[in-house]
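Hi,

Here is the structure I promised to pass on.

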Amino acid sequence: MLSEVAFWGLAALAVAGGVMVFRFDSMARATFALLTSLLCVGGEVLLLGLDYLGIVIVLMMTIEMAIMAVFMIMYMMNPAGLTPMTMMHNKQGATAICAAAFVLLAAGILSTPWPARRGKPPTDATMDLGMSLMGPQMLTMMTLGMALFATIVATVVLATRRGRYDRLGDSLRAPSTDDPIRGGVGR
Amino acid sequence: MQQRRRTTAADVALTRLGVVLLPVAALLAAAVVPLGFRSVSDLADGIVWFNAMEALAWAAVWLAGWGPNSTLALIGGYRFLAQGLAYELPHMLAITTAALGAESLRVGEVVDTQAGLWFAVWMPVAFAIYLLSAMAMAFWGPFDQPAGRDVAGGAAAELSGVDRIVFLGGRWLLLTVAAAFSVPLFLGGGNGPLLPPWLWTVLKTVAVLAFLVWIRRKVPTLRMDRYMEVAWVVLTPLAILQALVVALVVLVR
C-alpha cells in the first residue's frame, strides 16, 4: 500500500517535472525541473528494490544537471539565463515525435506478454549486477568505456577555443568566416 | 530577526530551494554515518548514498548563487561547480578504495573490517585525498573561494536573515558530516579500547574536525582552477594507484 502510494506519487511528480521543463521560460528552472523528474525516476528504481541503480541515478543525474549549468555559460546566448527563453524548437514536430514515442512505448509495455517470475530475487542485487556487468559482459563494458572516453575527448577538442561566434560574428551574419587558418568546414 | 535582502528580478523560489537543500543534503548524507556501530540506516549501498547526497550540495550552492540575480553570487555559484569538477574525481576514487578494502559498499562492514588495522594506516593516500575533498565539498578553508571574500561572500553574498543562517549553517553541517564520515571509512569507526564505541566515534570526529578547522588558519586560499590541475594530473593517478594496491592486497588476502 505505502509503496503503491510512493510509486504513483513519484510517477506523477516525474511526469509533472517533465512537463514543466517545457513550460518554464528560464533555463535554470527548466534544468531543475528536469532534475526533479530524473530524481523521481531514481526513486522509482529504488522502489523496485534496485538500491544501487537507484542511488547511482540520483548521483549521476545531480552531477549531470550541475554540469549542464556549466555548459550553459559555455554555449548559451544568455549565459546566466536571466532573459526568458524557451526550450522548444520546432514545436509541432517535437510534439508529434514525443506523442508517437510515448504511445509506442506504452503500447509495447501493455501488449507484451510478460513472463511470470521464475526463481527468487537475489539477496544481494548489487553483487549480482556487478557480476553480470563485469563477468560475461566485461569486454562490452571495457569497449563501451573506451568509446565513451573517446567521445568525451573528441567533444572537448571540438568545443575548445573558437566557436561559430568567432567565425561568423555576434549575429552569425558575417559574409565570410573569420578563421586564423584557412580551410576547414564552412568554406 | 533581520529582514531578507531583496534583489531585482531574483528567482526567489530557486534561491530558497538552494538555501534549504544544503543542510538537507548534509542531513541525508548523515543517515549512513554510524555513531558507534549504529546508524540511522545502514544501507547496502551506503557509500554510494553518501556520495549522491553530497553531490546535491553542488545543485544547492549553484542555485543559491544563481537565484538572487546578482553578479558576485553568480560567480560564487559557478566557482563551486568548477571546484566540484576538480575534487569529485579523486574523491570518488578515495571512497571507492575504502569500499574495496572492505569488499562492501555497506558502511557497517567497512567499520567491521577495521577492527584490527585502520584503513587510514594502509590507505594513507586515499585518506589524505578524502580530507582534501571534505574541505572542498563544504567550500571550507583553502577551498573557500565559492564563498570567498574577494567576491563579497560569493554564493552567500545576497543571502540575509534566516536564509543566511540556514545556508551557512548547512555548510558547517556538511563539513561536520564529511569529517564524521571519514571516521567509519578510514579511522576504524567505533573500534577502540576501554571507551564505549559512540564515544570513540565522537572523539575521532572531533579530532578530524579540529584538524580541518586548524588547516583553515594555516593554508591560504587555493584557486579552484589551480586545484583542478593538481586534482586531475596528480591526485587522480595517485588515487588509482592506491586503489590498485588495495585491490592487490584484497586479492592476495
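**Aromatic groups and the chain contact**

One aromatic cluster is made up of Phe32(A), Trp62(B), Trp66(B) and Tyr78(B). Please keep in mind that this is a predicted model.

Let's take the contact between the chains next. Chain A and chain B contribute 24 residues each, and the area buried between them is about 2100 Å², with 81% coming from carbon and sulfur atoms. On the chain A side, Phe32(A), Ile55(A) and Leu59(A) lose the most area to chain B, together 26% of what that side buries.

Four residue pairs are in polar contact between the two chains. The side of chain A that touches chain B draws at least two residues from each of α2 (27-47) and α3 (51-75), and α3(A) gives the most, with 14 residues. By class, that side has 18 nonpolar, four polar and two charged residues.

Back to the rings: over all chains, the search finds 14 aromatic pairs. In one of them, Phe127(B) and Phe186(B) have ring centres 5.5 Å apart and planes at 50°, so the pair is tilted. Phe127(B) sits in helix α6 and Phe186(B) in helix α7 of chain B, so this pair ties together parts 59 residues apart in sequence. Both Phe127(B) and Phe186(B) are buried.

Phe211(B) and Trp214(B) form a tilted pair too, at 6.1 Å centre to centre and 35° between the planes. Phe211(B) is partly exposed at 35% relative accessibility, and Trp214(B) is partly exposed at 48%.

Best wishes

Key:
Residues numbered from 1 in each chain as written. Chains lettered and ligands numbered in written order. Predicted model: local features only at pLDDT ≥ 70, side-chain atom pairs only at ≥ 80, totals over all residues. Heavy atoms only, no water. Contact = heavy atoms within 4.5 Å. Buried area = accessible area lost by both parts, 1.4 Å probe. Polar contact = N/O pair within 3.5 Å; in protein donor to acceptor, adjacent residues only side chain to side chain. Helix = DSSP H or I, 4+ residues; strand = E, 2+ residues; numbered from the N terminus. Nonpolar A, V, L, I, M, F, W, Y, C, P; charged D, E, K, R; others polar. Phe/Tyr/Trp six-rings, centres within 6.5 Å; stacked < 30°, edge-to-face > 60°. Buried < 20%, exposed > 50% of the residue type's maximum accessible area, 1.4 Å probe, protein only.
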